[in-house]
Amino acid sequence: MPTPWHILGAGSMGMLWSARLARAGLPVTLILRNGARLQAYQAAQGVTLVEGEHSQLIPIRAQTPEADEPVQRLLVTCKAYDAEHAVRQIAGRLSPDAELILLQNGLGSQQIVADLVPRNRCIFASSTEGAFRQSDWRVVFAGQGQTWLGDTSGGEAPQWLEELQRSGIAHQWSPNILSRLWRKLALNCAINPLTVLHDCRNGGLQAHSGEVGTLCTELSRLLEDCGHPEAAIDLTAEVNRVIQATANNFSSMHQDVTQGRRTEISYLLGYACAAAANHQLAAPHLQALQQRLSNHLKQRGLPCN
Ligand code: NAD
Ligand code: KPL
């Protein structure tokens, strides 16, 4: 009998993962916020996964955090700012040898969760897949990509990666997941805040290449000082490539701000600025950007943490 997957955070990524795992015949349980969400979910009878023209209703078991069955493998797909509280709610249910997979953008939240459950193995994940919620319990798989998984304490790739293979979840084990997460953080810091401040699609940043370039220089230096020189290699070129390749898209942060949702700024730009301060590295442009973005968010009544 395969180990059941519990998925904490039934938003875009949680639904995308749970639908594909369940479709492959694996045992999956969604952990929803509370009884009201569970009732609404049960009325929908499952998660609908939309891929291109095709949509499929996939029945998946669900429960609230208070359920008492043990959790052996937990995929956390909450936003970075919700991860600690969400895991704390179910920490008492974790088996002594339970594994957690933390799929949050940016950095900071993963370590907070890992410190909360010191007995358990925490695998960090970084994904370039794209998904959005069309409505409650209906997720659109909007962009093929890849998920890197790795263990900052070392150790072997887990056996269950085979289950991702079977589920059609593109993935790779990364011996240096922190570098991967830093690289993605740097890309996000160079692109996302500027798209918010200039209120433009990613391609609109082609008109601000000087500003982007200055940020990339500071970010590259930061990556090197933080012990991730490989994440700094050709950063400016990759940022420009991503800007071009995603020219028509609005960045995730731009979408969050437009839709009045809290951003993950503390785990992106906030984390980068704090790391620069810890390393006594001058990062005036990153700091100024954080200040401008915080002011912008405050003006819109959005949290700046
Ligand atoms: P989301 O907001 O769609 O989903 C998060 C879900 O967590 C929500 O349904 C929320 O209700 C739930 N949640 C929060 N607190 C909870 C709690 N205490 N108990 C139970 N559920 C709780 O977010 P998302 O887009 O799926 O993103 C998740 C993470 O993945 C983020 O860090 C994001 O940056 C990253 N990511 C997202 C995408 C994407 O395309 N959506 C791609 C790559 C990475
Ligand atoms: O990941 C992104 C996002 O929008 O969050 C990209 C497309 C890389 C822009 O930073």
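Reader: At 22% relative accessibility, how does Arg121 count?

Author: The model is a predicted one. A residue is buried under 20% relative accessible area and exposed over 50%. Arg121, at 22%, lies between these limits and therefore counts as partly exposed.

Reader: Is Asp151 buried or exposed?

Author: The relative accessible area of Asp151 is 10%. Because the limit for a buried residue is under 20%, Asp151 is classed as buried.

Reader: How many residues apart are Arg121 and Asp151, whose side chains meet in a salt bridge?

Author: The N to O distance of this salt bridge between Arg121 and Asp151 is 2.7 Å. Arg121 belongs to strand 8 (residues 121–127), and Asp151 to the loop between strand 11 (147–150) and helix 5 (161–166). The pair thus links distant parts of the chain, and its separation is 30 residues.

Reader: Which helix contains both Asp225 and Arg221?

Author: The side chains of Asp225 and Arg221 form a salt bridge at 3.6 Å, N to O. Asp225 is partly exposed at 30% relative accessibility, and Arg221 is partly exposed at 45%. They are four residues apart, about one turn of the helix, and both lie in helix 7.

Reader: What residue meets Arg33 in a salt bridge?

Author: The salt bridge spans 4.0 Å, N to O, between Arg33 and Asp82. Arg33 lies in the loop between strand 2 (28–31) and helix 2 (35–44), and the partner in helix 3 (residues 80–90), so the bridge ties together parts 49 residues apart in sequence. The residue that meets Arg33 is Asp82.

How values were computed. Residues are numbered from 1 along each chain as its sequence is written. Chains are lettered from A and ligands numbered from 1 in the order in which they are written. This is a predicted model: local features need pLDDT of at least 70, side-chain atom pairs count only at pLDDT 80 or more; totals for chains, interfaces and linings use all residues. Side-chain values use heavy atoms; hydrogens and water are left out. Helices (H or I, at least four residues) and strands (E, at least two) are DSSP runs, numbered from the N terminus. Buried means under 20% relative accessible area, exposed over 50%, partly exposed in between (1.4 Å probe, protein chains only).
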